[in-house]
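Here is a short briefing on one protein model and its ligand. Keep the sequence and the 3D view open as you read.

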Amino acid sequence: MDLEGYIEKERFAEAVYVTRPMMPAEAEYNALLSNIWKTLWLTNEAYWHQQFTEALKKYLKVSELVLFCNGTIALLIALKILDIEDGEVITTPFTFPATPHIICWNGLKPVFCDIQPGGYNLDPQKVEEAITPNTRAILPVHVYGTPCDVDAFSNLSKKYSIPVIYDSAHTFGSWYRGRSLCDYGDLSVLSFHATKLFTTAEGGALVCHNQEQSKMAYYMKNFGIADEETVVGVGINGKMNELSSAFGLASLSKVTREIQKRKLLYQLYCDQLRDCAGICTVSEPEDCDWNYAYFPVEVDKEKYGISRNELFKRLRRCNVIVRKYFYPLCNRIPYYAGRKDIPKIPTPVADKTAERVLCLPMYGDLPHEYAIKICEMIKTFPKWAEV
Ligand code: T4K
(Lines give C-alpha, C1' and ligand atoms only; values in the text may rest on other atoms or scores of the structure.)
Protein backbone atom coordinates (compact mmCIF):
# COMPACT_ATOMS: atom_id res chain seq x y z
CA MET A 1 0.00 0.00 0.00
CA ASP A 2 1.28 3.51 -0.74
CA LEU A 3 0.79 6.59 1.45
CA GLU A 4 -2.27 7.72 -0.49
CA GLY A 5 -3.91 4.35 0.00
CA TYR A 6 -3.03 4.31 3.70
CA ILE A 7 -4.52 7.78 4.26
CA GLU A 8 -7.63 6.85 2.31
CA LYS A 9 -8.09 3.72 4.40
CA GLU A 10 -7.16 5.00 7.84
CA ARG A 11 -8.32 8.61 7.93
CA PHE A 12 -10.93 9.53 10.55
CA ALA A 13 -14.39 10.10 9.12
CA GLU A 14 -14.77 13.24 11.24
CA ALA A 15 -12.23 15.76 12.46
CA VAL A 16 -10.39 14.90 15.66
CA TYR A 17 -9.52 18.28 17.11
CA VAL A 18 -6.52 19.24 19.20
CA THR A 19 -8.93 20.02 22.01
CA ARG A 20 -12.63 20.16 22.85
CA PRO A 21 -14.16 22.23 25.62
CA MET A 22 -15.14 20.68 28.92
CA MET A 23 -18.85 21.56 29.08
CA PRO A 24 -20.87 21.81 32.30
CA ALA A 25 -23.79 19.42 32.69
CA GLU A 26 -26.50 21.06 30.59
CA ALA A 27 -29.19 20.77 33.27
CA GLU A 28 -26.89 22.26 35.89
CA TYR A 29 -26.05 25.22 33.66
CA ASN A 30 -29.69 25.76 32.73
CA ALA A 31 -30.63 25.78 36.40
CA LEU A 32 -28.18 28.64 36.98
CA LEU A 33 -29.45 30.49 33.91
CA SER A 34 -32.97 30.60 35.28
CA ASN A 35 -31.76 33.10 37.88
CA ILE A 36 -30.59 35.36 35.06
CA TRP A 37 -34.02 35.18 33.42
CA LYS A 38 -35.61 35.99 36.76
CA THR A 39 -33.37 38.91 37.75
CA LEU A 40 -32.52 40.25 34.28
CA TRP A 41 -28.97 40.87 35.46
CA LEU A 42 -26.69 40.03 32.56
CA THR A 43 -23.43 41.66 33.55
CA ASN A 44 -21.68 44.25 35.76
CA GLU A 45 -20.49 41.92 38.50
CA ALA A 46 -23.88 40.59 39.48
CA TYR A 47 -24.84 37.44 41.39
CA TRP A 48 -23.11 34.65 39.38
CA HIS A 49 -20.03 36.78 38.95
CA GLN A 50 -19.75 37.06 42.72
CA GLN A 51 -20.49 33.37 43.30
CA PHE A 52 -17.98 32.29 40.65
CA THR A 53 -15.27 34.57 42.03
CA GLU A 54 -15.64 33.07 45.52
CA ALA A 55 -15.78 29.52 44.18
CA LEU A 56 -12.60 30.04 42.16
CA LYS A 57 -10.75 31.56 45.09
CA LYS A 58 -11.65 28.52 47.14
CA TYR A 59 -10.76 26.05 44.38
CA LEU A 60 -7.41 27.68 43.57
CA LYS A 61 -6.68 28.50 47.25
CA VAL A 62 -5.88 32.13 46.44
CA SER A 63 -6.98 35.13 48.46
CA GLU A 64 -7.48 37.73 45.70
CA LEU A 65 -8.87 36.94 42.26
CA VAL A 66 -10.61 39.20 39.74
CA LEU A 67 -12.60 37.87 36.78
CA PHE A 68 -12.17 39.23 33.26
CA CYS A 69 -13.80 38.92 29.84
CA ASN A 70 -10.64 37.17 28.60
CA GLY A 71 -7.03 36.55 29.52
CA THR A 72 -5.65 39.16 27.13
CA ILE A 73 -7.42 42.10 28.80
CA ALA A 74 -6.39 40.73 32.20
CA LEU A 75 -2.75 40.73 31.05
CA LEU A 76 -3.13 44.23 29.66
CA ILE A 77 -4.40 45.46 33.00
CA ALA A 78 -1.78 43.56 35.01
CA LEU A 79 0.94 45.81 33.56
CA LYS A 80 -1.21 48.90 34.28
CA ILE A 81 -1.76 47.89 37.90
CA LEU A 82 1.99 47.73 38.42
CA ASP A 83 2.28 51.18 36.86
CA ILE A 84 4.60 50.02 34.12
CA GLU A 85 4.37 52.86 31.66
CA ASP A 86 7.56 52.91 29.65
CA GLY A 87 10.60 50.77 28.94
CA GLU A 88 11.10 47.09 28.23
CA VAL A 89 9.40 43.90 29.34
CA ILE A 90 11.34 40.66 28.96
CA THR A 91 9.29 37.73 27.73
CA THR A 92 9.41 34.48 25.81
CA PRO A 93 8.96 34.08 22.06
CA PHE A 94 7.51 30.58 22.59
CA THR A 95 3.97 31.69 23.39
CA PHE A 96 0.65 32.76 21.90
CA PRO A 97 0.91 36.26 20.35
CA ALA A 98 -1.34 37.70 23.08
CA THR A 99 1.69 37.75 25.42
CA PRO A 100 3.89 40.20 23.48
CA HIS A 101 0.88 42.04 22.04
CA ILE A 102 -0.26 43.27 25.44
CA ILE A 103 3.25 44.61 26.08
CA CYS A 104 2.90 46.68 22.89
CA TRP A 105 -0.69 47.74 23.68
CA ASN A 106 0.79 49.21 26.86
CA GLY A 107 3.30 51.24 24.82
CA LEU A 108 6.15 49.06 26.08
CA LYS A 109 8.85 47.17 24.22
CA PRO A 110 8.91 43.35 24.32
CA VAL A 111 12.38 41.86 24.62
CA PHE A 112 12.43 38.20 23.65
CA CYS A 113 14.80 35.80 25.42
CA ASP A 114 15.40 32.13 24.83
CA ILE A 115 13.69 29.21 26.58
CA GLN A 116 15.44 26.60 28.72
CA PRO A 117 17.01 23.62 26.96
CA GLY A 118 14.91 20.52 27.54
CA GLY A 119 11.82 22.56 28.45
CA TYR A 120 9.37 25.07 27.06
CA ASN A 121 9.68 27.98 29.46
CA LEU A 122 11.68 31.20 29.58
CA ASP A 123 15.32 30.74 30.69
CA PRO A 124 16.05 32.88 33.80
CA GLN A 125 19.76 32.95 32.96
CA LYS A 126 19.07 34.45 29.56
CA VAL A 127 16.67 36.89 31.17
CA GLU A 128 19.35 38.09 33.59
CA GLU A 129 21.73 38.68 30.68
CA ALA A 130 19.05 40.79 28.96
CA ILE A 131 18.21 43.02 31.93
CA THR A 132 19.10 46.69 31.31
CA PRO A 133 18.28 49.92 33.18
CA ASN A 134 15.18 50.07 30.92
CA THR A 135 13.77 46.72 32.06
CA ARG A 136 10.47 47.26 33.86
CA ALA A 137 9.08 43.75 34.22
CA ILE A 138 9.55 40.07 33.39
CA LEU A 139 6.64 38.24 31.77
CA PRO A 140 7.25 34.48 31.68
CA VAL A 141 4.64 31.96 30.51
CA HIS A 142 3.99 28.60 32.18
CA VAL A 143 3.76 26.92 28.78
CA TYR A 144 1.45 23.88 28.57
CA GLY A 145 0.77 24.28 32.31
CA THR A 146 4.37 23.32 33.21
CA PRO A 147 5.97 25.48 35.91
CA CYS A 148 8.58 28.10 35.09
CA ASP A 149 11.63 28.26 37.34
CA VAL A 150 9.69 30.39 39.82
CA ASP A 151 12.55 30.48 42.37
CA ALA A 152 15.00 31.86 39.84
CA PHE A 153 12.51 34.50 38.66
CA SER A 154 11.72 35.45 42.23
CA ASN A 155 15.45 35.91 42.89
CA LEU A 156 15.85 38.08 39.79
CA SER A 157 12.86 40.10 40.88
CA LYS A 158 14.43 40.81 44.27
CA LYS A 159 17.95 41.37 42.94
CA TYR A 160 16.90 43.93 40.30
CA SER A 161 13.67 45.20 41.90
CA ILE A 162 11.64 44.23 38.84
CA PRO A 163 8.16 42.69 39.13
CA VAL A 164 7.35 39.30 37.63
CA ILE A 165 3.96 38.85 35.99
CA TYR A 166 3.15 35.30 34.96
CA ASP A 167 1.09 34.50 31.92
CA SER A 168 -0.68 31.54 33.51
CA ALA A 169 -3.13 31.06 30.63
CA HIS A 170 -2.40 27.30 30.59
CA THR A 171 -2.13 26.60 34.29
CA PHE A 172 -5.66 25.94 35.55
CA GLY A 173 -5.48 22.76 37.65
CA SER A 174 -1.66 22.68 37.86
CA TRP A 175 -0.28 22.67 41.38
CA TYR A 176 3.38 23.36 42.05
CA ARG A 177 4.80 22.32 45.44
CA GLY A 178 1.25 22.15 46.73
CA ARG A 179 0.33 25.64 45.62
CA SER A 180 -1.72 26.61 42.62
CA LEU A 181 0.69 27.45 39.79
CA CYS A 182 -1.26 30.64 39.09
CA ASP A 183 -0.44 31.93 42.58
CA TYR A 184 3.23 32.81 41.90
CA GLY A 185 4.73 36.16 40.94
CA ASP A 186 3.54 39.69 41.62
CA LEU A 187 0.50 39.08 39.44
CA SER A 188 -0.65 36.15 37.38
CA VAL A 189 -3.21 35.76 34.63
CA LEU A 190 -5.45 32.82 33.72
CA SER A 191 -7.36 32.28 30.47
CA PHE A 192 -10.73 30.52 30.34
CA HIS A 193 -10.95 30.50 26.55
CA ALA A 194 -12.86 27.64 24.90
CA THR A 195 -9.57 25.91 24.08
CA LYS A 196 -8.44 25.84 27.70
CA LEU A 197 -8.82 22.96 30.13
CA PHE A 198 -11.30 24.98 32.14
CA THR A 199 -13.44 27.36 30.13
CA THR A 200 -16.16 29.99 30.34
CA ALA A 201 -16.28 30.28 26.50
CA GLU A 202 -14.32 33.52 26.72
CA GLY A 203 -12.93 34.57 30.05
CA GLY A 204 -9.94 35.07 32.26
CA ALA A 205 -8.83 36.01 35.74
CA LEU A 206 -6.14 38.02 37.44
CA VAL A 207 -4.66 36.53 40.60
CA CYS A 208 -3.51 39.34 42.89
CA HIS A 209 -1.64 39.35 46.18
CA ASN A 210 -3.26 42.18 48.06
CA GLN A 211 -6.55 44.04 48.20
CA GLU A 212 -5.02 47.18 46.75
CA GLN A 213 -4.18 45.33 43.54
CA SER A 214 -7.57 43.69 43.22
CA LYS A 215 -9.35 46.99 43.90
CA MET A 216 -7.35 48.58 41.06
CA ALA A 217 -8.20 45.63 38.82
CA TYR A 218 -11.91 46.08 39.55
CA TYR A 219 -11.75 49.79 38.70
CA MET A 220 -9.69 49.30 35.57
CA LYS A 221 -11.87 46.57 34.11
CA ASN A 222 -14.94 48.79 34.69
CA PHE A 223 -13.89 52.00 32.89
CA GLY A 224 -12.07 53.26 35.99
CA ILE A 225 -15.43 53.67 37.73
CA ALA A 226 -15.44 53.37 41.51
CA ASP A 227 -19.07 54.39 42.02
CA GLU A 228 -21.82 56.24 40.15
CA GLU A 229 -20.09 59.58 40.48
CA THR A 230 -16.42 58.67 40.83
CA VAL A 231 -14.03 57.80 38.03
CA VAL A 232 -10.63 57.13 39.57
CA GLY A 233 -8.61 56.85 36.37
CA VAL A 234 -8.42 55.39 32.91
CA GLY A 235 -10.18 52.07 32.54
CA ILE A 236 -11.44 49.71 29.93
CA ASN A 237 -14.33 47.25 29.64
CA GLY A 238 -12.90 43.95 30.81
CA LYS A 239 -15.83 42.50 32.75
CA MET A 240 -16.98 38.88 32.65
CA ASN A 241 -20.73 38.57 32.04
CA GLU A 242 -23.26 36.51 33.98
CA LEU A 243 -23.64 33.77 31.34
CA SER A 244 -19.91 33.06 31.36
CA SER A 245 -19.75 33.25 35.15
CA ALA A 246 -22.58 30.72 35.49
CA PHE A 247 -20.91 28.49 32.88
CA GLY A 248 -17.69 28.47 34.89
CA LEU A 249 -19.47 27.88 38.15
CA ALA A 250 -21.37 24.91 36.75
CA SER A 251 -18.13 23.45 35.30
CA LEU A 252 -15.91 23.68 38.33
CA SER A 253 -16.97 20.36 39.84
CA LYS A 254 -15.85 18.57 36.65
CA VAL A 255 -12.23 19.73 36.66
CA THR A 256 -10.75 16.98 38.84
CA ARG A 257 -12.28 14.25 36.70
CA GLU A 258 -11.18 16.04 33.51
CA ILE A 259 -7.58 16.08 34.73
CA GLN A 260 -7.75 12.39 35.72
CA LYS A 261 -9.00 11.52 32.23
CA ARG A 262 -6.24 13.56 30.61
CA LYS A 263 -3.65 11.87 32.81
CA LEU A 264 -4.77 8.46 31.50
CA LEU A 265 -4.50 9.77 27.94
CA TYR A 266 -1.06 11.17 28.67
CA GLN A 267 0.09 7.78 29.91
CA LEU A 268 -1.47 6.03 26.94
CA TYR A 269 0.23 8.34 24.44
CA CYS A 270 3.59 7.94 26.21
CA ASP A 271 3.25 4.12 26.22
CA GLN A 272 2.26 4.00 22.57
CA LEU A 273 5.04 6.34 21.42
CA ARG A 274 7.80 5.09 23.73
CA ASP A 275 9.56 3.04 21.05
CA CYS A 276 8.92 5.40 18.19
CA ALA A 277 12.40 6.64 17.23
CA GLY A 278 12.59 10.40 16.76
CA ILE A 279 9.32 11.20 18.53
CA CYS A 280 10.02 12.73 21.93
CA THR A 281 7.09 13.07 24.34
CA VAL A 282 6.82 15.69 27.09
CA SER A 283 7.93 14.62 30.60
CA GLU A 284 5.78 15.20 33.66
CA PRO A 285 7.16 18.27 35.45
CA GLU A 286 8.84 17.69 38.83
CA ASP A 287 7.21 18.74 42.13
CA CYS A 288 4.05 19.37 40.19
CA ASP A 289 0.53 17.96 40.08
CA TRP A 290 0.22 18.74 36.43
CA ASN A 291 -3.00 19.49 34.55
CA TYR A 292 -2.01 17.70 31.30
CA ALA A 293 -3.30 20.74 29.43
CA TYR A 294 -1.53 19.85 26.17
CA PHE A 295 0.27 16.88 24.69
CA PRO A 296 3.27 18.21 22.74
CA VAL A 297 5.69 15.90 20.95
CA GLU A 298 8.96 16.89 19.32
CA VAL A 299 9.93 15.44 15.98
CA ASP A 300 13.61 14.73 15.30
CA LYS A 301 13.70 14.38 11.53
CA GLU A 302 17.09 12.63 11.51
CA LYS A 303 15.79 9.81 13.70
CA TYR A 304 12.13 9.77 12.71
CA GLY A 305 12.70 10.00 8.98
CA ILE A 306 10.18 12.71 8.17
CA SER A 307 9.93 16.29 9.37
CA ARG A 308 7.45 17.84 11.79
CA ASN A 309 5.82 19.71 8.90
CA GLU A 310 5.38 16.53 6.90
CA LEU A 311 3.95 14.72 9.94
CA PHE A 312 1.60 17.68 10.44
CA LYS A 313 0.42 17.45 6.82
CA ARG A 314 -0.11 13.72 6.91
CA LEU A 315 -2.05 13.82 10.19
CA ARG A 316 -4.17 16.67 8.89
CA ARG A 317 -4.97 14.63 5.78
CA CYS A 318 -6.10 11.88 8.15
CA ASN A 319 -8.45 14.41 9.77
CA VAL A 320 -6.36 14.76 12.93
CA ILE A 321 -6.36 18.50 13.55
CA VAL A 322 -2.97 18.77 15.26
CA ARG A 323 -1.54 22.21 16.01
CA LYS A 324 1.96 23.69 15.96
CA TYR A 325 1.67 25.46 19.33
CA PHE A 326 3.80 27.67 19.21
CA TYR A 327 4.95 28.22 15.67
CA PRO A 328 5.86 30.76 14.41
CA LEU A 329 7.79 32.10 17.38
CA CYS A 330 6.64 35.58 18.34
CA ASN A 331 10.08 37.08 17.64
CA ARG A 332 9.83 35.67 14.08
CA ILE A 333 6.42 37.25 13.39
CA PRO A 334 7.16 39.96 10.77
CA TYR A 335 5.85 42.77 12.98
CA TYR A 336 8.25 41.94 15.82
CA ALA A 337 11.13 40.78 13.60
CA GLY A 338 10.85 44.04 11.67
CA ARG A 339 10.89 46.37 14.66
CA LYS A 340 14.33 47.96 14.64
CA ASP A 341 14.04 49.11 18.27
CA ILE A 342 13.65 45.59 19.67
CA PRO A 343 17.01 43.98 20.52
CA LYS A 344 17.63 40.88 18.41
CA ILE A 345 18.66 38.38 21.06
CA PRO A 346 19.41 34.91 19.63
CA THR A 347 16.86 32.27 20.65
CA PRO A 348 18.36 29.01 19.31
CA VAL A 349 16.53 26.69 21.72
CA ALA A 350 13.14 28.25 20.99
CA ASP A 351 13.89 28.25 17.24
CA LYS A 352 14.66 24.55 17.28
CA THR A 353 11.66 23.72 19.47
CA ALA A 354 9.23 25.70 17.31
CA GLU A 355 10.48 23.78 14.25
CA ARG A 356 9.93 20.41 15.93
CA VAL A 357 6.90 20.70 18.19
CA LEU A 358 3.43 19.37 17.44
CA CYS A 359 0.47 19.23 19.83
CA LEU A 360 -1.61 16.07 19.55
CA PRO A 361 -5.31 15.94 20.50
CA MET A 362 -5.70 16.14 24.27
CA TYR A 363 -9.04 16.42 26.07
CA GLY A 364 -10.84 14.29 28.59
CA ASP A 365 -13.44 12.88 26.20
CA LEU A 366 -10.96 11.84 23.51
CA PRO A 367 -11.68 8.11 23.02
CA HIS A 368 -8.65 5.96 23.86
CA GLU A 369 -9.00 4.10 20.59
CA TYR A 370 -8.57 7.41 18.76
CA ALA A 371 -5.34 8.14 20.63
CA ILE A 372 -4.09 4.63 19.84
CA LYS A 373 -4.98 5.05 16.19
CA ILE A 374 -3.22 8.43 16.01
CA CYS A 375 -0.09 6.81 17.49
CA GLU A 376 -0.33 3.99 14.93
CA MET A 377 -0.40 6.60 12.19
CA ILE A 378 2.63 8.34 13.65
CA LYS A 379 4.49 5.02 13.86
CA THR A 380 3.52 4.00 10.31
CA PHE A 381 4.16 7.24 8.37
CA PRO A 382 7.99 6.92 8.19
CA LYS A 383 7.46 3.88 5.92
CA TRP A 384 6.97 6.43 3.14
CA ALA A 385 9.82 8.88 2.64
CA GLU A 386 9.22 12.59 2.52
CA VAL A 387 9.47 13.87 -1.03
N1 T4K B 1 -1.41 33.69 26.79
C2 T4K B 1 -1.30 32.45 26.33
C3 T4K B 1 -0.05 31.68 26.63
C4 T4K B 1 -2.34 31.86 25.59
O5 T4K B 1 -2.21 30.60 25.12
C6 T4K B 1 -3.50 32.61 25.35
C7 T4K B 1 -4.58 32.05 24.58
C8 T4K B 1 -3.58 33.90 25.89
C9 T4K B 1 -2.51 34.41 26.60
C10 T4K B 1 -4.79 34.77 25.70
O11 T4K B 1 -5.91 34.31 26.45
P12 T4K B 1 -7.39 34.70 25.92
O13 T4K B 1 -7.44 36.17 25.71
O14 T4K B 1 -7.67 33.91 24.66
O15 T4K B 1 -8.27 34.26 27.08
C16 T4K B 1 -6.49 29.41 20.67
C17 T4K B 1 -7.23 30.40 21.51
O18 T4K B 1 -8.00 31.32 20.74
C19 T4K B 1 -6.39 31.13 22.47
O20 T4K B 1 -7.23 31.56 23.50
C21 T4K B 1 -5.30 30.25 23.08
N22 T4K B 1 -4.40 30.99 23.91
C23 T4K B 1 -4.51 29.58 21.99
C24 T4K B 1 -3.44 28.67 22.52
O25 T4K B 1 -5.38 28.80 21.21
P26 T4K B 1 -6.51 28.95 18.14
O27 T4K B 1 -6.36 29.87 16.99
O28 T4K B 1 -5.64 27.76 18.17
O29 T4K B 1 -8.03 28.49 18.34
P30 T4K B 1 -8.97 27.63 17.39
O31 T4K B 1 -10.22 28.38 17.19
O32 T4K B 1 -8.21 27.20 16.17
O33 T4K B 1 -9.29 26.36 18.28
C34 T4K B 1 -8.42 25.26 18.42
C35 T4K B 1 -9.26 24.00 18.52
O36 T4K B 1 -10.07 24.04 19.67
C37 T4K B 1 -10.22 23.82 17.36
O38 T4K B 1 -9.58 23.13 16.31
C39 T4K B 1 -11.36 23.03 17.96
C40 T4K B 1 -11.36 23.43 19.41
N41 T4K B 1 -12.43 24.40 19.72
C42 T4K B 1 -12.21 25.75 19.61
C43 T4K B 1 -13.20 26.63 19.92
C44 T4K B 1 -12.95 28.12 19.80
C45 T4K B 1 -13.66 23.92 20.12
O46 T4K B 1 -13.85 22.69 20.18
N47 T4K B 1 -14.65 24.80 20.46
C48 T4K B 1 -14.48 26.14 20.37
O49 T4K B 1 -15.39 26.92 20.70
O50 T4K B 1 -6.26 29.88 19.37
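Why is strand S15 (residues 295-299) largely enclosed by the rest of the structure? Five of the five residues of S15 are buried, so the rest of the structure largely encloses this strand. Buried means under 20% relative accessible area, exposed means over 50%, and partly exposed lies in between, with a 1.4 Å probe and protein chains only.

This is a predicted model: local features need pLDDT of at least 70, side-chain atom pairs count only at pLDDT 80 or more, and totals for chains, interfaces and linings use all residues. Residues are numbered from 1 along each chain as its sequence is written, and side-chain values use heavy atoms, with hydrogens and water left out.

- Helices (H or I, at least four residues) and strands (E, at least two) are DSSP runs, numbered from the N terminus.
- Phe295, Val297 and Val299 point one way from S15, Pro296 and Glu298 point the other way, and all are buried.
- In a regular strand, side chains alternate between the two faces of the sheet.
- Two strands pair if DSSP finds at least two bridges between them.
- Strand S13 (residues 279-281) runs antiparallel to S15, and three bridges join them.
- Thr281 has Val297 of S15 as its bridge partner.
- Strand S17 (residues 357-360) also pairs with S15, in the antiparallel sense over four bridges.
- Here Glu298 stands opposite Val357 in S17.

- Strand S10 (residues 204-208) is mostly covered, with five of its five residues buried.
- Gly204, Leu206 and Cys208 lie on one side of S10, Ala205 and Val207 lie on the other, and both faces are covered.
- Strand S2 (residues 64-68) pairs with S10 in the antiparallel sense over five bridges.
- Leu65 is the residue opposite Val207 in S10.
- Strand S9 (residues 187-191) pairs with S10 in the antiparallel sense over four bridges.
- Val189 has Leu206 in S10 as its bridge partner.

**The ligand and its surroundings**

- Which residues come nearest to the ligand? Of the 25 residues around the ligand, they are Arg20, Thr72, Asp167, Arg323 and Tyr325.
- A residue is near a molecule or strand if one of its heavy atoms lies within 4 Å of it.
- Helix H4 (71-81) and helix H5 (98-105) each supply at least two residues of the shell around the ligand.
- A polar contact is a pair of N or O atoms within 3.5 Å; within protein, one must be able to donate a hydrogen and the other to accept it, and residues adjacent in sequence count only if both atoms are side-chain atoms.
- An N or O atom in the side chain of Tyr325 is 2.4 Å from an oxygen atom of the ligand.
- For Arg20, a polar side-chain atom lies 2.6 Å from a ligand oxygen atom.
- For His193, an N or O atom in the side chain is 3.3 Å from an oxygen atom of the ligand.
- The ligand taken alone exposes 920 Å², and the protein buries 77% of that.
- Accessible areas come from the Shrake-Rupley method with a 1.4 Å probe; for residues, only the protein chains shown count as cover.

**Backbone details in the loops**

- The peptide bond from Tyr325 to Phe326 is cis, with omega near 10 degrees.
- Phe326 is found in the loop between strand S16 (320-321) and helix H13 (334-337).
- The peptide bond from Tyr327 to Pro328 is also cis, with omega near 0 degrees.
- Pro328 lies in the loop between S16 and H13.
- Asp83 is not a glycine, yet its phi is positive, about 60 degrees.
- Asp83 is in the loop between H4 and strand S3 (88-91), and its relative accessible area of 56% makes it exposed.
- Ala201 also has a positive phi, near 80 degrees.
- Ala201 sits in the loop between S9 and S10 and counts as partly exposed at 42% relative accessibility.

- In helix H12 (residues 308-317), the buried residues include Arg308, Leu311 and Phe312.
- Just after H12, Asn319 takes a positive phi of about 75 degrees.
- Asn121 counts as buried because its relative accessibility is 4%.
- Asn121 and Tyr6 are 115 residues apart in sequence and 37 Å apart in space, C-alpha to C-alpha.
- Lys9, in helix H1 (residues 3-10), counts as exposed at 57% relative accessibility.
- Lys9 and Arg179 are 170 residues apart in sequence and 47 Å apart in space, C-alpha to C-alpha.
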